[in-house]
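Reader: I would like to go through this model and ask what stands behind the terms used for it.
Author: Go ahead.

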Amino acid sequence: MGSIAPQFNNPATTTLFELVKARRTYYGLKAESPIADDAIEAIVRDSVLHVPSSFNTQTSRVVLLLKEEHQKVWDIAIQAMEGLVAAGHVPKDMFENHTKPKLNAFRAAYGTVLFFVDYDTLAGIKEKFAIYADKFDPFALESNAMSQYLVWTALESEGLGANLQHYSPLIDEGIQKQWNLPASWKLDAQLVFGAPAGEPGEKEFAPIEDRFKVFGK
Ligand SMILES: Cc1cc2nc3c(=O)[nH]c(=O)nc-3n(C[C@H](O)[C@H](O)[C@H](O)COP(=O)(O)O)c2cc1C
C-alpha cells in the first residue's frame with residue numbers, strides 16, 4: 001500500500017511481494033486441501049531446513065499434523081480448557097459460548113503445524129560466547145518466527161488459508177505426551193490451515209511514514 005511500482009531485476013521479487021501482500025489470517029477453514037500432503041510436507045520441511053538461525057544453531061523443531069492427527073491438537077486444547085472450567089478458573093458460559101466454538105473451528109481445519117524451540121541445545125554456545133549468552137534464547141525464538149511466517153506465506157501461496165495460535169503452556173503436556181516428543185522441545189506457536197471457507201477480515205494499516213524511514217537515497 002502507498003508504494004511506488006518499483007523496478008526489480010528479478011520478476012520473482014515482484015511475485016514474492018505479491019505473496020507477502022496476499023498472506024492474511026483466515027479463521028474460517030475447511031478440512032480440505034487444494035494440494036497434496038506431500039506438497040504441504042515439502043513446504044514445512046524446506047522451511048525448517050533453510051530458514052536461518054543465529055550462529056546456525058538450528059534450534060527450531062516442527063511437527064506437521066494432518067487430518068485426524070491435527071484434530072487431536074484441538075481435542076487436547078478443549079480438554080485442557082474443560083479442566084480450567086471444572087477448577088473454576090474459567091467461567092463455564094464463556095467457555096461454552098466463546099472458547100469452545102473457537103477451538104472447534106480450528107479443529108474443523110485440515111492441519112496444524114506445531115512450532116517448537118529446543119533451547120537446551122544452546123547450552124554449549126552460550127558458554128562459548130558468554131558475551132551473547134542472554135541473546136541466544138530470543139534469537140532462537142526469532143528464527144522460529146521466521147519459519148512460521150515462511151510456512152504461513154507458502155501455504156497461502158498454494159491456496160490454503162491459515163491462522164497462527166498460541167495455546168502454550170495450556171496444551172504443552174498433552175502435546176508432548178500425544179506424540180512422544182522430547183521434553184526439551186518448547187512449544188511456541190500453532191499454525192492452523194485448511195481450504196478457506198471465507199474471506200479474511202478487514203485490515204487497517206498504521207501510516208507507513210510513522211514506521212519506516214530511509215536515508216541516503
Ligand atoms: C507473532 C504473532 C502472534 C499472533 N498470535 C495470534 C494468536 O495467538 N491468535 C490469533 O488468532 N492470531 C494471532 N496472530 C495473528 C494476528 O492477529 C494477525 O496476523 C494480524 O492481526 C494481522 O492480520 P493478517 O494476518 O490478516 O495480516 C498473531 C500474529 C503474529 C505475527
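Reader: What share of the contacts in the protein with a separation of 6 or more comes from residues 24 or more positions apart?
Author: That share is 82%. Two residues are in contact if their C-beta atoms, placed from the backbone, lie within 7 Å. This is a predicted model: local features need pLDDT of at least 70, side-chain atom pairs count only at pLDDT 80 or more, and totals for chains, interfaces and linings use all residues. Residues are numbered from 1 along each chain as its sequence is written.

Reader: Why are H3 and H4 called roughly antiparallel?
Author: Helix H3 (residues 68-86) and helix H4 (residues 92-107) pack at an angle of about 170°. Angles over 145 degrees, on a scale from 0 to 180 between N-to-C directions, count as roughly antiparallel, so H3 and H4 are roughly antiparallel to each other. Their axes, lines fitted to C-alpha atoms over the stretch in contact, are 9 Å apart.

Reader: What makes Glu173 count as partly exposed?
Author: Glu173, in helix H7 (residues 172-178), has 13 C-beta neighbours inside 10 Å. A residue is buried at 20 or more other C-beta atoms within 10 Å of its own, exposed at 12 or fewer, and partly exposed in between, so Glu173 counts as partly exposed.

Reader: How many of the residues around the ligand are charged?
Author: The shell has two charged residues, with two nonpolar and four polar ones. Asp, Glu, Lys and Arg count as charged; the residues around the ligand include Arg24 and Lys203.

Conventions
Near = placed C-beta within 6 Å. Helix = DSSP H or I, 4+ residues; strand = E, 2+ residues; numbered from the N terminus. Parallel < 35°, antiparallel > 145°, perpendicular 65-115°, else oblique.
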